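Work through the exercises below with the sequence and the model in view. Try each task before reading its solution.

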Amino acid sequence: MLYSKEKQIFVKGTVSAVTNNVAVNVSKYQKTLHGFAVIDRQTVHVVGTENSVDNAADVPQYCLDTKTDVTQILWCTLGYINCLVVTCSEGLIIYDCDKQFQRIYTHNCEDKNMKEKYAKGIAAFECTYLCVGNSNGSIRVFGPDEDGQVVFLDRKLFHGAPITDMSSYKHNLVSCDESGCTVLSQIDCGELMIIARSKMFGGHPCTTTEMTRGGLMAVGYGCGTIRMFDPTVKLINGDAEDQLPMIVQISAHARCVTSMSAAKDADLLLSVSEDSWIRVWKISATTVTLVYCYMKEDTMFVGCQFITRNGSKFCTTAYDSPYITCYTLNQL
């Protein structure tokens, strides 16, 4: 596989040094890009495909000022609402994308008794549930009520360290934290139930996680390693606690893995790192094969995402850069 640079999309600001710093709105039924969002400290910049370098001045951009440090962003659908979900140092903010990004819901995650200071980690379940992680290791669940309004549903404490990222696949939720622990849970009628957890692996922090279309769990670490777990197989240790078995370990990058993305309709995993490398991996049940790599010198990548469901296009962001760079698969 060989990808080449397609275009650069201009952002009226610069990209902050937070992990998973790009979100792409991809329709389930159309394999086209609908919008980008990136974090610039306390602001979320929302741009469209027309905001290329050549005509950036002709297309308006939305600048959503949260007045607090933004930690993560995600496009999703809740009920009938097309949403942009933002987590920040004070909690959760949901914007309605069809109403010029009107703020429709906020939830302050701060709880002095639980020592919660900020929110990070977002995952959505098929238009029904939204899960948000917190700094004390808890996960909150939100969903639409009978009137279609977003409401708080549940809260579970699954981690002993701040949650760094989450991802979902069907009814499974994978969440990871700064201690290096990964937890598999399942959602049923709005309630989360823990299924298994992984080992710490030397205490390297987890930084990003994705679930492939086959249901495998990919977790990136601060040491540059990517580990794959199979949620269908569980091991029982001496304390009778379920353990997630690691099936593949990859020395993927020389420095921290800052972002990953799994193609929705292909067995491809995209990863970027502080080491200036972009890599695309082919995933199977027991093996991971490198199919593409590219190095941009002196670049600290902080975000990546496939922008087509078949993995033919992806985008990346880099710290202190005003551009989202798009790549496309060369047709042979």
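The model is predicted, so local features need pLDDT of at least 70 and side-chain atom pairs count only at pLDDT 80 or more, while totals for chains, interfaces and linings use all residues. Residues are numbered from 1 along each chain as its sequence is written, and side-chain values use heavy atoms, with hydrogens and water left out.

**Exercise 1. The whole chain**

Task: State how many helices and strands the chain has, and what share of its residues is buried.

Solution: 
- Step 1. Helices (H or I, at least four residues) and strands (E, at least two) are DSSP runs, numbered from the N terminus. The chain has 0 helices and 30 strands.
- Step 2. Buried means under 20% relative accessible area, exposed over 50%, and partly exposed in between (1.4 Å probe, protein chains only). Among the 332 residues of the chain, 57% count as buried.
- Step 3. A contact means heavy atoms within 4.5 Å. Of the contacts in the chain with a separation of 6 or more, 51% come from residues 24 or more positions apart.

**Exercise 2. Aromatic pairs**

Task: Classify the ring pair of Tyr3 and Phe314, then that of Tyr105 and Phe142.

Solution: 
- Step 1. A pair of aromatic rings is described by the distance of the centres and the angle of the planes. Rings of Phe, Tyr and Trp (its six-membered ring) pair if their centres lie within 6.5 Å; planes under 30 degrees apart count as stacked, over 60 as edge-to-face and the rest as tilted. The structure holds 13 aromatic pairs.
- Step 2. Tyr3 and Phe314 are 4.9 Å apart centre to centre with 65° between the planes, an edge-to-face pair. Tyr3 lies in strand E1 (residues 3-10) and Phe314 in strand E29 (residues 313-318), 311 residues apart.
- Step 3. Tyr3 is buried at 4% relative accessible area, and Phe314 is buried at 0%.
- Step 4. For Tyr105 and Phe142 the centres are 5.9 Å apart and the planes are at 70°, so this pair is edge-to-face. Tyr105 is in strand E9 (residues 102-108) and Phe142 in strand E12 (residues 138-144), 37 residues apart.
- Step 5. Ring pairs also link Tyr3, Tyr292, Tyr294, Phe306, Phe314 and Tyr327 into a cluster.

**Exercise 3. Salt bridges**

Task: Locate the partners of the salt bridges Lys313 to Glu6 and Asp265 to Arg309.

Solution: 
- Step 1. A salt bridge is a side-chain nitrogen of Lys or Arg within 4 Å of a carboxyl oxygen of Asp or Glu. The whole structure has 7 salt bridges.
- Step 2. Lys313 and Glu6 meet at 3.2 Å, N to O.
- Step 3. Asp265 and Arg309 meet at 3.1 Å, N to O. Asp265 lies in the loop between E24 and E25, and Arg309 in the loop between strand E28 (301-306) and E29, so parts 44 residues apart in sequence are tied together.
- Step 4. Asp265 is partly exposed at 33%, whereas Arg309 counts as buried at 17%.
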